[in-house]
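Here is a short report on one protein model.

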Amino acid sequence: MITIIVRGMPAPQGSKRFVGVRGGRGVLVESSKGVRPWRQDVVAAAVEAKNGAAPLDGPLRAKIVFTLPKPRSAPKRKRSYPDRKPDLSKLLRSTEDALVTAGVIADDARIVEFARLAKVYPYEDPDALDSPGAMIHVYRIEDAG
């Protein structure tokens, strides 16, 4: 198992936008401006957490909880939920790709199950961080025998 705490603003991997043709090939750019810094934050935290270990391979289970900044308009004393953008599935895509880049997992296709996947606000969930970021746990699923 590996546990990674990422500090930074979670950013979704959005759609690609066509910007023209160069050298006979179409050029696409990421539509989300925050995805590159987020991936860099995940890679840096993941490389430190794995401490030189080989990438996890085989069937994996993951638990990822994203902590997003709570809007000022949200209730202060009552639990609220981040039911607006960014999409949870797009946050997951950018984070899985960064875990592969960091060498934590061999391939994001190896994740066969999520123990938990959530987006929460600080202090409003047992797995929430105190500031924006993500708590990531990746486990190898042991063969039953």
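Ile 2 is buried, because its relative accessible area is 10%. Buried means under 20% relative accessible area, exposed means over 50%, and partly exposed lies in between (1.4 Å probe, protein chains only). This is a predicted model: local features need pLDDT of at least 70, side-chain atom pairs count only at pLDDT 80 or more, and totals for chains, interfaces and linings use all residues. Residues are numbered from 1 along each chain as its sequence is written, and side-chain values use heavy atoms, with hydrogens and water left out.

Ile 2 sits in strand S1. Helices (H or I, at least four residues) and strands (E, at least two) are DSSP runs, numbered from the N terminus. Leaving aside neighbours within four places in sequence, Ile 2 is in contact with Ala 49, Lys 50, Leu 56, Val 104, Ile 136, His 137 and Val 138. Contact means heavy atoms within 4.5 Å. Asn 51 is 49 residues from Ile 2 along the chain, and their C-alpha atoms are separated by 9.9 Å.

Two strands pair if DSSP finds at least two bridges between them.

S1 pairs with strand S6 (residues 133-140) in the antiparallel sense, over 6 bridges. Ile 5 stands opposite Met 135 in S6. Arg 7 stands opposite Gly 133 in S6. Side chains alternate along S1. Ile 2, Ile 4 and Val 6 point to one face and are buried.

Ser 94 belongs to helix H2. Is Ser 94 buried or exposed? Ser 94 is buried, with a relative accessible area of 0%. A polar atom of the Ser 94 side chain lies 3.0 Å from the backbone oxygen of Leu 91. Not counting residues up to four places away in sequence, Ser 94 touches Ala 11, Pro 12, Gln 13, Val 35, Trp 38 and Arg 39.

## One aromatic pair

A pair of aromatic rings is described by the distance of the centres and the angle of the planes. Rings of Phe, Tyr and Trp (its six-membered ring) pair if their centres lie within 6.5 Å; planes under 30 degrees apart count as stacked, over 60 as edge-to-face and the rest as tilted. The count comes to 1 aromatic pair. Trp 38 and Phe 66 form this tilted pair, at 6.4 Å centre to centre and 55° between the planes. Trp 38 is in helix H1 and Phe 66 is in strand S4, so the pair links distant parts of the chain, 28 residues apart. Both Trp 38 and Phe 66 are buried.

## Salt bridges

How many salt bridges does the whole structure hold? A search finds 10. A salt bridge is a side-chain nitrogen of Lys or Arg within 4 Å of a carboxyl oxygen of Asp or Glu.

Arg 110 bridges to Asp 57, with the closest N and O atoms 2.4 Å apart. Arg 110 is in the loop between H2 and S5, and Asp 57 is in the loop between H1 and S4, 53 residues apart. Arg 110 is partly exposed at 30% relative accessibility, and Asp 57 is partly exposed at 36%. Glu 113 forms a salt bridge with Arg 61, the closest N and O atoms being 2.8 Å apart. This pair links strand S5 to strand S4 across 52 residues.

Note on methods:
A polar contact is a pair of N or O atoms within 3.5 Å; within protein, one must be able to donate a hydrogen and the other to accept it, and residues adjacent in sequence count only if both atoms are side-chain atoms.
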